[in-house]
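The sequence and the structure come first, and the description follows.

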Amino acid sequence: GEQAVESLRMKQIAAGDEHSLLLTHGGSVWVCGANMSGQLGMQETEESKTLWNEMQLVTQAIDNLESRDSVGMHEEDQSKGRLQEKLKEVQTAWEMAHYVYIPTHNSVMKELRIVNLAAGKEHSVFVDD
């Protein structure tokens, strides 16, 4: 089974604005924090893909309302307001789907032996041997 991160011997720790990377002496990588830009090196989940598509659809609906003539403007403003609220909800859910709260073993890199890593504002670099 998985080891608890507390029991691992850490070789290196790197931190970006909202993410952290932990490298063990055995070359495994543990990650936590934000992954909105893929900085944890983890694959996107089906949930986040679905939420992304929903954000695009709501944004398109808002754009369509904005491009119409101003006839029935009060009703369109109400619809636009509801869509903007929906967009905020979906964006929040998408961000939450990209956040790893507990240090997690990065299984994407399990085939590699990482020897060095670095973290920037919203990016990471992993070096294997």
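**Surface patches**

Ile102 lies in strand β4, and with a relative accessible area of 61% this residue is exposed, because that value is over the 50% cut-off. The model is a predicted one, and in it Ile102 belongs, together with Met96, Tyr99 and Tyr101, to a nonpolar surface patch of about 450 Å². Strand β4, which spans residues 99–105, supplies the largest share of the nonpolar patch, namely 3 residues.

A patch of another kind is formed on the surface by Asp17, Glu18, Glu95 and Glu122, which gather there as a patch of negative charge. Of these, Glu122 is placed in the loop that runs between β5 (114–119) and β6 (124–128), and its relative accessibility of 46% makes Glu122 count as partly exposed.

**Overall fold and dimensions**

The protein has 2 helices and 6 strands as its secondary structure, and read from the N terminus the order of these elements is β-β-β-α-α-β-β-β. Its radius of gyration is 20 Å, whereas a compact globule of 129 residues would have a value near 14 Å. Along the principal axes, the C-alpha atoms of the protein fill a box of roughly 65 × 25 × 25 Å. Of the 129 residues, 29% count as buried.

Is Gln39 buried or exposed? Gln39 is buried, since its relative accessible area is 5% and the cut-off for burial is under 20%. This residue lies in the loop between β3 (29–34) and α1 (46–67). Gln39 and Asn106 are separated by 67 residues in sequence, while the distance between their C-alpha atoms is 12 Å.

**Salt bridges**

How many salt bridges does a search of the whole structure find? The search finds 4 salt bridges, and the table sets out some of them with the distance between the nitrogen and oxygen atoms.

| Salt bridge | N to O distance |
|---|---|
| Glu46 and Lys49 | 3.5 Å |
| Lys80 and Glu66 | 2.8 Å |
| Glu85 and Lys88 | 3.6 Å |

The side chains of Lys80 and Glu66 meet in a salt bridge. Lys80 lies in helix α2 (residues 73–97) and Glu66 in helix α1, so this pair ties together parts that are 14 residues apart in sequence. Lys80 counts as partly exposed at 23% relative accessibility, and Glu66 is likewise partly exposed, with a relative accessible area of 46%.

The salt bridge of Glu46 with Lys49 lies within helix α1, where the two residues are 3 residues apart, about one turn of the helix. Glu46 is exposed, having a relative accessible area of 58%, whereas Lys49, at 37% relative accessibility, counts as partly exposed.

In helix α2, Glu85 and Lys88 are also partners in a salt bridge, and because they are 3 residues apart in that helix, about one helical turn separates them. Glu85 is partly exposed, with a relative accessible area of 43%.

Notes: Residues are numbered from 1 along each chain as its sequence is written. This is a predicted model: local features need pLDDT of at least 70, side-chain atom pairs count only at pLDDT 80 or more; totals for chains, interfaces and linings use all residues. Side-chain values use heavy atoms; hydrogens and water are left out. Patches are made of residues with over 30% relative accessible area and no salt bridge: like charges are joined within 9 Å, nonpolar side chains (Val, Leu, Ile, Met, Phe, Trp, Tyr) within 5 Å. Accessible areas come from the Shrake-Rupley method with a 1.4 Å probe; for residues, only the protein chains shown count as cover. Lys and Arg count as positive and Asp and Glu as negative; His and the chain ends are not counted. The place of a charge is taken as NZ of Lys, CZ of Arg, CG of Asp or CD of Glu. Helices (H or I, at least four residues) and strands (E, at least two) are DSSP runs, numbered from the N terminus. Buried means under 20% relative accessible area, exposed over 50%, partly exposed in between (1.4 Å probe, protein chains only). The radius of gyration is taken over C-alpha atoms; the globule rule is 2.2 Å times the number of residues to the power 0.38.
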